[in-house]
Amino acid sequence: FRRVLFRSTLFSGSQSDYESVILRLTEAADWSEAGHIIAEDVFRAHDVDIYDPVAVTFTNAVEAQFKKR
């Protein structure tokens, strides 16, 4: 469910953009690199308000994965 919400809200509905960003995030060396990917390839590329609840949930989910590493 969250993937569908993320894709529709953060990636303008683009499955390919979503998959590309997820792959890059998986390969990111650390949270700093991941944050840059999110800022450039999600928020700026798709004109997303960083304070949108879906954007915050996405960012928090990605950050949580890096804290587990």
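**Labels and cut-offs**

Me: Why does Phe-66 count as buried?
Reply: Its relative accessibility is 11%. Buried means under 20% relative accessible area, exposed means over 50%, and partly exposed lies in between (1.4 Å probe, protein chains only). Phe-66 therefore counts as buried.

Me: How far do these values reach?
Reply: The model is predicted, so local features need pLDDT of at least 70 and side-chain atom pairs pLDDT 80 or more, while totals for chains, interfaces and linings use all residues. Residues are numbered from 1 along each chain as its sequence is written, and side-chain values use heavy atoms, with hydrogens and water left out.

Me: What makes Trp-31 partly exposed?
Reply: Its relative accessibility is 29%. That value falls in the in-between class, so Trp-31 counts as partly exposed.

Me: Why is the pair of Trp-31 and Phe-66 called tilted?
Reply: Rings of Phe, Tyr and Trp (its six-membered ring) pair if their centres lie within 6.5 Å; planes under 30 degrees apart are stacked, over 60 edge-to-face, the rest tilted. Here the centres are 6.4 Å apart and the planes stand at 50°, so the pair is tilted. Trp-31 is in helix H3 and Phe-66 in helix H4, so the pair ties together parts 35 residues apart in sequence. Helices are DSSP runs (H or I, at least four residues), numbered from the N terminus.

Me: How many aromatic pairs does the structure hold?
Reply: It holds four. One of them is Phe-6 with Phe-58.

Me: Why is the pair of Phe-6 and Phe-58 called edge-to-face?
Reply: The ring centres are 5.1 Å apart and the planes stand at 80°, so the pair is edge-to-face. Phe-6 sits in helix H1 (residues 2-10) and Phe-58 in helix H4 (residues 53-68), 52 residues apart. Both are buried. Ring pairs also link Phe-6, Phe-11, Tyr-18 and Phe-58 into a cluster.

Me: How do you know that H2 and H3 are roughly antiparallel?
Reply: H2 (residues 15-27) and H3 (residues 31-44) pack at about 165°, axes 9 Å apart. Angles under 35 degrees count as roughly parallel, over 145 as roughly antiparallel, 65 to 115 as roughly perpendicular and the rest as oblique. H2 and H3 are therefore roughly antiparallel.

Me: Which residues make the contact of H2 with H3?
Reply: Val-21, Arg-24 and Leu-25 come from H2. Ala-34, Ile-37, Ile-38, Asp-41 and Val-42 come from H3. Contact means heavy atoms within 4.5 Å.

Me: What makes Val-21 buried?
Reply: Its relative accessible area is 4%, so Val-21 is buried. Leaving aside neighbours within four places in sequence, Val-21 is in contact with Phe-11, Ile-37, Asp-41 and Val-42.

Me: Why is Asp-30 called partly exposed?
Reply: Asp-30 lies in the loop between H2 and H3. Its relative accessible area is 37%, hence partly exposed.

Me: What makes the phi of Ser-12 worth a remark?
Reply: Most residues other than glycine have a negative phi. Ser-12 has a positive phi of about 50° although it is not a glycine. Ser-12 lies in the loop between H1 and H2. At 56% relative accessible area, Ser-12 is exposed.

Me: How do you know that Asp-47 is exposed?
Reply: Its relative accessible area is 72%, so Asp-47 is exposed. Asp-47 lies in the loop between H3 and H4. Asp-47 has a positive phi of about 50° and is not a glycine.

Notes: Axes fitted to C-alpha atoms, helices over the stretch in contact; angles between N-to-C directions. Helix = DSSP H or I, 4+ residues; strand = E, 2+ residues; numbered from the N terminus.
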